[in-house]
Amino acid sequence: METRKALGELLAHQKRIDRLAAAGGILFWDEQVNLPPGSAEFRAEQNAHFSELLHRESTLPEVGRWLDALEAGQDALSEDECVIVKDARREYDREVKLPGEFVARRSKARSESFHAWVEARRNNDFASFAPHLQKALDFARQEAEYQGAEDPYDFFVDVYDPGMSTAVIDPLFAELREGLKPILETILAAEDTIPPDLFRGFPVDGQEAFLREVVTAFGFDFNVGRLDRAVHPFCGGHPLDTRMTTRYDPDNPLDSLSSAMHETGHALYEQGLPAEHPGTALSRAAGMAAHESQSRIWENQVGRGRPFWKHWEPRYRAFFKEQLAGVDSDQLYRAVNRVAITPIRVDADEVTYNLHIILRYGLERDLFAARVAIADLPEAWNERSRDLLGYTPESDAEGCLQDVHWCEGMFGYFPSYTLGNLLGAQFWYAAKDALPDLEADFGRGDYKRLLGWLRENVHSAARRYDANGLARRVTGNQLGTEALLRYLRERYLPLYSA
Ligand code: ZN
């Protein structure tokens, strides 16, 4: 087949898959945001049919023929076109190894497992969830076998972050853990001056109105996106129809705000990806580490900074005059940047957050290697929590049942959060070097220069580079721990030194 014709066919096909997958994204969003409680089983069936349909479309034999023709005629392709072909080949080869009925069964099991997990966490009942978790692990092992993966866990790490492996992650995480120790020791030795019940009774409507102003100022495009409420904040959908969620607690108003800023970072990345060749590597995110780097920059480096609060504090006080009457500016800033050992990862501060990830990373590997059995997971979790955080969870609900990932079969995803933190801090210093007085912009509520820089350097690169390649290209350095540790020291030690 002629190369240009094969490329045209492949591009049209990738666009169809992109549109179809986005429909699946809306089904998922709807399940999280709107689903009536009695419809879960029906939705599980729909999801199963849908994934089978998507799988069938993705693995049509003609796709393989187009890819063969394109690889044979590679000399006639531009560099970008080669990127498209390479990525499409990687995805196609993986999909084609999975039987359709396996994909459907796995999808149904995931939906069931999700609802079982919600119940188990609510009732603190690990035993009722254990069979579902076992199933999820069995599906993952079976998938790795279909793929002929040498190391099943490494296979899944690579799914979320192309090019990444435990060989790269191990030394990074070991170095990070060592680097965090003295920072955390200093912080924990200092007096915590922020009363835990500082914020009480923040009306949800006010919280939502305020954070909508913030995410609009960041650059979230409500013309092609929505912000709704869900139990677990996420950003899904598509660059042309972005669906973001957050959740509200009247007594923890900083949670909805930081979650919304985090998800906005994801959304800005998606909305900033080039739209020219939908579904191809030229319009897809580099990987989950790159994705998390974007969410973290907006949530943390921007959203926890003094310049951000300098601009937004008066507005915040206008919304919550009574609630903030006894809180001065310094207390507000310290509350935003409070560091404390907490059992729940999603509530964790920036300093302890990565220890929560290191805990999960170790456990996932042990589960895959059968060094830890599902039945022993609660105790193994608690032991690691003591070792890493010096904390024993009071229940499984605040221990091994707290996260949604495993019930949905998302093994190998957790490391991306910490890799994203590393990458985010590296990007942050690169942006500050490139853009003089960047933070002065934030003091005026202006984020255009930062967003423009991220668009130009990170978003527009799409999937042309893996996480390490992106780090080298944007910052001149490999993915490393130095920038994150520097950032944490600069932000937190002044707040916690005697
Ligand atoms: Zn995220």
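Analyst: Happy to. Since this is a predicted model, let us begin with Phe-210, which is found in helix 9, residues 204-218.

User: What makes Phe-210 count as buried or exposed?

Analyst: Its relative accessible area is 1%. Buried means under 20%, so Phe-210 is buried.

User: Which residues does Phe-210 contact, leaving aside neighbours within four places in sequence?

Analyst: Phe-210 is in contact with Leu-257, Trp-312, Arg-315, Tyr-316 and Phe-319. For each of these partners, contact means heavy atoms within 4.5 Å.

User: And how far apart are Phe-210 and Gly-303, in sequence and in space?

Analyst: In sequence they are 93 residues apart, and in space 13 Å, C-alpha to C-alpha.

User: Let's turn to Asp-228. Where is Asp-228 placed, and why is Asp-228 called buried?

Analyst: Asp-228 sits in strand 1, which covers residues 225-229. Its relative accessibility is 14%, and the cut-off for buried is under 20%, so Asp-228 counts as buried.

User: What joins the side chains of Asp-228 and Arg-226?

Analyst: A polar contact of 2.8 Å joins them. The limit for such a pair of N or O atoms is within 3.5 Å, and the value of 2.8 Å meets that limit. Not counting residues up to four places away in sequence, Asp-228 also touches Trp-29, Val-33, Met-244, Thr-245 and Thr-246.

User: Why does Asp-330 count as partly exposed?

Analyst: Asp-330 lies in helix 13, residues 329-336, and has 35% relative accessibility. Buried would need under 20% and exposed over 50%, with partly exposed in between, so at 35% Asp-330 counts as partly exposed. Asp-330 and Arg-306 are 24 residues apart in sequence, with their C-alpha atoms 9.8 Å apart in space.

User: What is the phi of Ala-370, and does Ala-370 count as buried or exposed?

Analyst: Ala-370 has a positive phi of about 60° although it is not a glycine. Its place is in the loop between helix 14 (350-368) and helix 15 (377-389). The cut-off for exposed is over 50%, so at 58% relative accessibility Ala-370 counts as exposed.

User: What about Asp-437: where is its place, and what is its phi?

Analyst: Asp-437 belongs to the loop between helix 16 (414-434) and helix 17 (438-443). Asp-437 is not a glycine, yet has a positive phi of about 55°. At 63% relative accessibility, Asp-437 counts as exposed.

User: Now the whole chain. How do you know that the radius of gyration agrees with a compact globule?

Analyst: For 498 residues, a compact globule would have a radius of gyration near 23 Å, and the protein has 23 Å, so the two agree. The C-alpha atoms fill a box of roughly 70 × 55 × 45 Å along the principal axes. Of the contacts with a separation of 6 or more, 74% are between residues 24 or more positions apart.

User: How many helices and strands are there, and what percentage of the residues is buried?

Analyst: There are 20 helices and 3 strands, and buried residues make up 56% of the 498. The protein exposes about 20900 Å², with carbon and sulfur atoms supplying 50% of it.

User: How many charged side chains are there?

Analyst: There are 57 positive and 80 negative side chains, and the centres of the two sets lie 3 Å apart.

Note on methods. Residues are numbered from 1 along each chain as its sequence is written. Side-chain values use heavy atoms; hydrogens and water are left out. Helices (H or I, at least four residues) and strands (E, at least two) are DSSP runs, numbered from the N terminus. The radius of gyration is taken over C-alpha atoms; the globule rule is 2.2 Å times the number of residues to the power 0.38. Buried means under 20% relative accessible area, exposed over 50%, partly exposed in between (1.4 Å probe, protein chains only). Accessible areas come from the Shrake-Rupley method with a 1.4 Å probe; for residues, only the protein chains shown count as cover. Lys and Arg count as positive and Asp and Glu as negative; His and the chain ends are not counted. The place of a charge is taken as NZ of Lys, CZ of Arg, CG of Asp or CD of Glu. A polar contact is a pair of N or O atoms within 3.5 Å; within protein, one must be able to donate a hydrogen and the other to accept it, and residues adjacent in sequence count only if both atoms are side-chain atoms.
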